[in-house]
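Please keep the sequence and the structure open while reading.

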Amino acid sequence: MTTALRTEHTSATLLEAAKSNIALDPALRPLWSGARLAGPAYTVQGVPGDNLALHNAVAAAPPGHVLVADCGGGPFGHWGEVLAVAAKERGLLGLVIDGAVRDSAEQAGLGFPVFSRGIAIHGTAKRYPGILGRSVLVGGVVVRTGDLVVGDADGLVAIPSAHEEAVLAAADGRVEQETFIMSELSKGRTTVKLLRLNPLGD
């Protein structure tokens, strides 16, 4: 089964399957309701208040990748409708940015998934070209180009490429187990019994 098909797993399932801290800061939230992304990262090192690095990344990133950008958490509109249209036309799958963005309604209309630290209308300069493809620290997690990034309503995870297959296989197993549990619950069994919990809490 290909990664593209297997990344229908939720961020929570992948985090539990990984058994390591691959969750990005929960302050990085989807720009619009229902936004979801999954794909290999293409990393971008930028600076607060400047978005030339993002323009360069859109031009350089291979199709089928998610841009993952460190912009220092700055409260500026680093990314908006124009860049979202450009990214979508180039076959990119979404953006995760440690910084703010703008044009939220327009991007929701485009269906381009963006996860950011917030929304800000302040404009940016275009002087710092950025560093592309180098590991970045985004949401407290080191992300490298090629790592699998998955984001949904609950949060974001970044799975190191070296561990991707193992984590996805473990996630498959968790889903199978949860499917069994749901079936048993419909038959009247309790979570206390199914999960072998101590009903007295001690």
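## The parallel strands

Leu-67 has Leu-95 in S4 as its bridge partner. S3 and strand S4 (residues 94–101) pair in the parallel sense, with 5 bridges between them; two strands count as paired if DSSP finds at least two bridges between them. Right-handed here means that, with the strands pointing away from the viewer, the path from the first strand over the helix to the second runs clockwise. Helices (H or I, at least four residues) and strands (E, at least two) are DSSP runs, numbered from the N terminus.

The model is predicted: local features need pLDDT of at least 70, side-chain atom pairs count only at pLDDT 80 or more, and totals for chains, interfaces and linings use all residues. Residues are numbered from 1 along each chain as its sequence is written, and side-chain values use heavy atoms, with hydrogens and water left out.

S3 also pairs with S2, in parallel, through 5 bridges. Within this pairing, Val-68 in S3 is the bridge partner of Thr-43. S2, helix H3 (residues 52–60) and S3 form a right-handed β-α-β unit.

## Burial of S3

How many residues of strand S3 are buried? Strand S3 (residues 66–70) is mostly covered, with 5 of its 5 residues buried. Buried stands for under 20% relative accessible area, exposed for over 50%, and partly exposed for values in between (1.4 Å probe, protein chains only).

In a regular strand, side chains alternate between the two faces of the sheet. In S3, Val-66, Val-68 and Asp-70 point one way and Leu-67 and Ala-69 the other way, and all are buried.

## The antiparallel strands

Strand S2 (residues 37–45) is joined to S9 by 4 bridges, and these two strands run antiparallel. Gly-39 is the residue opposite Val-149 in S9. S9 is in turn joined to strand S10 (residues 155–159) by 5 bridges, again with an antiparallel run.

## Helix H6

Helix H6 (residues 164–185) has 22 residues, which at 1.5 Å a residue should span 32 Å. The expected span is 1.5 Å times one less than the number of residues. The end C-alpha atoms of H6 are 31 Å apart, which agrees.

An α-helix has 3.6 residues a turn, so residues three or four places apart point the same way. The buried residues in H6 include Glu-164, Val-167, Leu-168, Ala-171, Ile-181 and Glu-184.

## Helix H7 and the segment after it

Lys-193 lies in helix H7 (residues 191–194). Is Lys-193 buried or exposed? With a relative accessible area of 61%, Lys-193 is exposed. Lys-193 and Ser-11 are separated by 182 residues in sequence and by 27 Å in space, C-alpha to C-alpha.

Leu-197 is located in the segment after H7 and is partly exposed, at 44% relative accessible area.

## Two residues with positive phi

Lys-19 has a phi near 55°, a positive value in a residue other than glycine. Lys-19 sits in the loop between helix H2 (11–18) and strand S1 (29–30), and counts as exposed at 75% relative accessibility.

Asp-103 is not a glycine either, yet its phi is positive, at about 60°. Asp-103 belongs to the loop between S4 and helix H5 (104–110), and is partly exposed, with a relative accessible area of 28%.

## The whole protein

The protein contains 7 helices and 10 strands. Its C-alpha trace spans about 60 × 30 × 30 Å along its principal axes. Of its 202 residues, 42% count as buried.
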